[in-house]
Amino acid sequence: MAEVMTKLYLDFDDGRSQLRDEDGIDYPDEKAARTEVLKVLSEIAKDAVPKSDQQVLTATVRNASGDTVYSAKVTVSGGWHKPRHP
């Protein structure tokens with residue numbers, strides 16, 4: 001029996017630019033798309049974090065109807081601290 005595939009769309013936003021998937025990818029299920037989107041999001045975060053102390057990276061998975069079926073967010077908030085005793 002042939003495996004039924006589901007077309008899903010993976011979108012990414014780094015706070016400055018958005019990448020909206022217009023073509024979609026066939027996945028065996030939504031869990032497979034979740035795994036893929038988290039993998040890609042972690043790669044984006046790895047490259048983005050050294051560039052800024054304040055960063056929010058968002059990824060969403062949409063179905064063919066345009067409904068969001070999964071979303072994930074990575075937030076980095078860093079800052080320097082002055083020592084109390086010089």
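Student: D11 first. Is D11 buried or exposed?
Tutor: Buried. In this predicted model, D11 has a relative accessibility of 9%. The cut-off for buried is under 20% relative accessible area, so D11 qualifies.

Student: Which residues does D11 form salt bridges with?
Tutor: R20 and R62. The D11 side chain meets that of R20 at 3.8 Å, N to O. With R62, the closest N and O atoms are 2.4 Å apart.

Student: Where do D11 and R62 sit in the chain?
Tutor: D11 is in strand 1, residues 6-13. R62 is in strand 4, residues 54-62. They are 51 residues apart, so the pair links distant parts of the chain.

Student: And R62, buried or exposed?
Tutor: R62 is buried, and so is D11.

Student: Why would such side chains pair at all?
Tutor: Opposite charges can pair when the charged atoms of the side chains come close.

Student: How many salt bridges in the whole structure?
Tutor: Four. One of them joins E43 and K46, at 3.3 Å from N to O.

Student: Where are E43 and K46?
Tutor: Both are in helix 1, residues 30-48. They are three residues apart, about one turn of the helix.

Student: Which residues are joined into one network by shared partners?
Tutor: D11, R20, E22 and R62. Salt bridges that share partners tie them together.

Student: Switching to the fold. What is the order of elements?
Tutor: From the N terminus, β-β-β-α-β-β. That is one helix and five strands.

Student: Is the chain spread out or compact, going by the radius of gyration?
Tutor: More spread out than a compact globule. The radius of gyration is 17 Å, while the globule rule gives 12 Å for 86 residues.

Student: What does the C-alpha trace span?
Tutor: About 70 × 25 × 20 Å along the principal axes.

Student: What share of the residues is buried?
Tutor: 24% of the 86 residues.

Student: And the accessible surface, how much is there?
Tutor: About 6,600 Å². Carbon and sulfur atoms account for 52% of that.

Student: What about contacts between residues 24 or more positions apart?
Tutor: They make up 44% of the contacts with a separation of 6 or more.

Student: Last one, charges. How many positive and negative?
Tutor: 12 positive and 15 negative. Their mean positions are 10 Å apart.

Technical notes:
Residues are numbered from 1 along each chain as its sequence is written. This is a predicted model: local features need pLDDT of at least 70, side-chain atom pairs count only at pLDDT 80 or more; totals for chains, interfaces and linings use all residues. Side-chain values use heavy atoms; hydrogens and water are left out. Helices (H or I, at least four residues) and strands (E, at least two) are DSSP runs, numbered from the N terminus. The radius of gyration is taken over C-alpha atoms; the globule rule is 2.2 Å times the number of residues to the power 0.38. Buried means under 20% relative accessible area, exposed over 50%, partly exposed in between (1.4 Å probe, protein chains only). Contact means heavy atoms within 4.5 Å. Accessible areas come from the Shrake-Rupley method with a 1.4 Å probe; for residues, only the protein chains shown count as cover. Lys and Arg count as positive and Asp and Glu as negative; His and the chain ends are not counted. The place of a charge is taken as NZ of Lys, CZ of Arg, CG of Asp or CD of Glu.
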